[in-house]
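Subject: Structure handover and notes

Dear colleague,

I am passing on the structure we spoke about, and my notes follow below it. Please keep the model open while you read them.

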Amino acid sequence: MLRVMIVDDHPVVREGLRGMLEADPGITVVGEAASGDEAVVRAGDLTPDVILMDLRMPGGDGVSAVSRILVNRPGSRVIVLTTYETDADIVRAVEAGAAGYLLKDTSRADLLAAIVSAARGETVLSPSVATRLVTRMRAPAAESLSPRESEVLSLVARGLTNSEIGRALFISETTVKTHLLRVFGKLGVSDRTAAVTTALDRGLLTR
């Protein structure tokens with residue numbers, strides 16, 4: 001009998017997952033939590049084998065909860081179950097120690113199989129998530145931004161104009177434009193908004 005804990009800030013989601021999981025005779029839902037902070041406390045009390053963890057919640061996000069839970073309960077396996085599949089979210093979850101990353105459109109059969117696999121120590125990923133990870137690992141090194149390019153793009157993300165960026169970094173407006181053109185080329189985009197969005201998605205720029 002696998003002991004599962006559900007962590008999600010939406011009661012209707014928790015209720016739906018509980019009903020889905022408890023219909024399987026090999027699984028028992030030992031408890032729920034509505035935030036990352038609550039999950040850390042409850043995981044210590046409930047000793048679950050597998051934790052289904054939402055990613056973005058008030059009161060402590062899922063990624064920070066993953067790492068904190070695994071410090072105290074290294075034997076538990078955490079599967080991120082979310083609607084988000086950006087590169088940055090995926091990488092943060094994996095680096096925190098998550099055993100899996102599934103999307104909420106995962107079928108019941110696939111979710112149950114993932115729980116069993118995670119409990120055995122295997123890594124479980126939604127197909128689209130696996131594809132994104134492989135693509136990211138195969139991306140050319142040229143995609144990485146230089147420190148100056150990152151500085152320029154971070155100021156773009158804050159809404160500064162080219163002239164304002166130049167003054168902030170003590171460089172000419174022409175130099176700012178040159179850096180941006182290089183950023184556009186590395187990211188495969190053609191405008192400032194797309195550059196910021198793509199860099200955030202790929203984890204090259206922090207919010």
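Asp54 counts as buried because its relative accessibility is 4%, where buried means under 20% relative accessible area, exposed means over 50% and partly exposed lies in between (1.4 Å probe, protein chains only). This residue is found in the loop between β3 (50-53) and α3 (62-72), with helices (H or I, at least four residues) and strands (E, at least two) taken as DSSP runs and numbered from the N terminus. Leaving aside neighbours within four places in sequence, Asp54 is in contact with Val7, Asp8, Asp9, Gly62, Leu81, Thr82 and Lys104, contact meaning heavy atoms within 4.5 Å.

Before going further, please note that this is a predicted model, in which local features need pLDDT of at least 70 and side-chain atom pairs count only at pLDDT 80 or more, whereas totals for chains, interfaces and linings use all residues. Residues are numbered from 1 along each chain as its sequence is written, and side-chain values use heavy atoms, with hydrogens and water left out.

As for the protein as a whole, it has 10 helices and 6 strands, and its C-alpha trace spans about 65 × 30 × 30 Å along the principal axes. Of the 207 residues in the protein, 43% are buried, and among the contacts with a separation of 6 or more, 63% are between residues 24 or more positions apart.

Strand β3 also holds Val50, which counts as buried because its relative accessibility is 0%. The C-alpha atoms of Val50 and Val4 are separated by 4.9 Å, although the two residues are 46 residues apart along the chain. Not counting residues up to four places away in sequence, Val50 touches Arg3, Val4, Met5, Arg77, Ile79, Ile115 and Ala119.

Two helix pairs were examined, with axes being lines fitted to C-alpha atoms, for helices over the stretch in contact, and angles running from 0 to 180 degrees between N-to-C directions. The axes of helix α1 (residues 11-22) and helix α5 (residues 108-119) come within 11 Å and cross at roughly 75°, so α1 and α5 are roughly perpendicular to each other; angles under 35 degrees count as roughly parallel, over 145 as roughly antiparallel, 65 to 115 as roughly perpendicular and the rest as oblique. In this contact, Leu17, Met20 and Leu21 of α1 meet Arg108, Leu111, Leu112 and Ile115 of α5. The residues of the contact of α1 with α5 comprise 6 nonpolar, no polar and 1 charged, where Ala, Val, Leu, Ile, Met, Phe, Trp, Tyr, Cys and Pro count as nonpolar, Asp, Glu, Lys and Arg as charged, and the others, Gly among them, as polar.

In the other pair, α3 and helix α4 (residues 87-96) pack at an angle of about 10° with their axes 8 Å apart, and they are therefore roughly parallel to each other. Here Val63, Val66, Ser67 and Leu70 in α3 meet Arg92, Ala93 and Ala96 in α4, and the residues of this contact divide into 5 nonpolar, 1 polar and 1 charged.

Finally, the charged end of Arg56 sits over the ring of Tyr84, 3.7 Å from the ring centre, the criterion being that NZ of Lys or CZ of Arg is within 6 Å of the ring centre and within 35 degrees of the ring normal.
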